[in-house]
Amino acid sequence: MQFIKKNYGWILVSLLASLPLLVIFKMVDINFSNGFSLNLIEGAGAEGKTTLEMLYHVSGEFAIRWMTAVLTCTPFFILFGVHNLYVRQAMGIATAVWSFIHFIIFILAEGFLETFTQVNYIAGFIAIIFLIPLFFTSNKGSMRFLKSNWKKLQSFVYPIILLSLLHIVLLDKTWLIYAIVVGLGMMLRIPFVKKYFIQRRKKRKTIKS
Ligand code: HEM
């Protein structure tokens, strides 16, 4: 019970991030009876999409949603003074895992070399490459080992979101809402804006107490 009380934040993120896997598993038929085979269940898509389109949709949407959520952690701290490193790391892992699932679906459906046939795929691919070191260092041990370099590594998240947005814009999919949320967060990071909001928050706190 003590463990759950202390760690409920990242446990909740892990559960929320895992739930859409149930949707994915409903759309594929995994068979171990004769080695290993994986087939798409036709007609399992919704909203007029084929099963494959639905798989791209679910995995791509969750990848970009978690990525946007990670980028709201710092603005959330600036505005409300609330920060939880483990929750942030769990969100980062969810981002990377959903991006990898998205790419694995693509490789299985189209083949790896197809990645280099369109600019939007190449943008997504570079984002995935940048995500790999972030995925492996989203833990306390790596933080201790990398010291100040850990923070530098975390700044990879900025080219990653720009490349991911470029990928989605070029695909003509829903991107504006993510760009607005990320853009507002970037504005809050500008040093004088950040200083203003932190001071305002601290002032309010002292008035209350
Ligand atoms: C090598 C990397 C990637 C490849 C090859 C790839 C490929 C694709 C493909 C084939 C689609 C479906 C396009 C269509 O329906 O016309 C798609 C959609 C999408 N991708 Fe990617 N992607 C990659 C990386 C990423 C990354 C890193 C993100 C974000 C974190 C992302 C987010 C999305 C989103 C949000 C959609 C739209 C889903 C929808 O609403 O249908 N993708 N991607």
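The model is a predicted one.

The chain contains 11 helices and 2 strands. Along the sequence these elements follow the order α-α-β-β-α-α-α-α-α-α-α-α-α. Taken along the principal axes, the C-alpha atoms occupy a box of roughly 65 × 45 × 40 Å. Of the 209 residues in the chain, 22% are buried. Among contacts between residues at least 6 apart in sequence, 65% join residues at least 24 apart.

The two strands come next. Strand 1, residues 28–31, pairs with strand 2, residues 37–40, in the antiparallel sense over 4 bridges. Within this pairing, Val 28 stands opposite Leu 40 of strand 2. The hairpin they form has 5 residues between the strands, and Gly 35 in the hairpin adopts a positive phi near 80 degrees.

In soluble globular proteins, nonpolar side chains tend to be buried together. Here the largest nonpolar core has 33 residues, of which Trp 66, Met 67, Met 91 and Ala 94 touch the most other members. At least two residues of this core come from each of helix 1 (2–18), helix 3, helix 5, helix 6 and helix 9. Helix 3 contributes the most to this core, with 11 residues. Setting aside residues up to four places away in sequence, Ala 94 touches Val 13, Ala 17 and Trp 66.

Helix 3 (51–71), helix 5 (85–110), helix 6 (119–136) and helix 9 (157–171) each supply at least two residues of the shell around the ligand. Helix 3 again gives the most, with 8 residues of the shell. Of the 23 residues around the ligand, those that come nearest are His 57, Gly 60, Ala 63, Gly 124 and Phe 125. Sorted by class, the shell comprises 12 nonpolar, 8 polar and 3 charged residues.

The buried residues of helix 6 are Gly 124, Ala 127, Ile 128, Leu 131 and Leu 134.

Pro 133 counts as partly exposed because it has 15 C-beta neighbours inside 10 Å, a count between the limits of 12 for exposed and 20 for buried. Apart from neighbours within four places in sequence, Pro 133 is in contact with Leu 153 and Phe 156. Pro 133 and Ile 41 are separated by 92 residues in sequence and by 34 Å in space, C-alpha to C-alpha.

Two loop residues have positive phi values without being glycine. Glu 47 has a phi near 55 degrees and lies in the loop between strand 2 and helix 3. Glu 47 counts as exposed because it has 7 C-beta neighbours inside 10 Å. Lys 147 has a positive phi of about 50 degrees, and its place is in the loop between helix 7 (140–146) and helix 8. Lys 147 is likewise exposed, since 8 other C-beta atoms lie within 10 Å.

Notes:
Residues are numbered from 1 along each chain as its sequence is written. This is a predicted model: local features need pLDDT of at least 70, side-chain atom pairs count only at pLDDT 80 or more; totals for chains, interfaces and linings use all residues. Two strands pair if DSSP finds at least two bridges between them. A residue is near a molecule or strand if its C-beta atom, placed from the backbone, lies within 6 Å of it. Ala, Val, Leu, Ile, Met, Phe, Trp, Tyr, Cys and Pro count as nonpolar, Asp, Glu, Lys and Arg as charged, and the others, Gly among them, as polar. Two residues are in contact if their C-beta atoms, placed from the backbone, lie within 7 Å. A nonpolar core is a set of buried Ala, Val, Leu, Ile, Met, Phe, Trp, Tyr and Cys residues joined through C-beta atoms within 7 Å.
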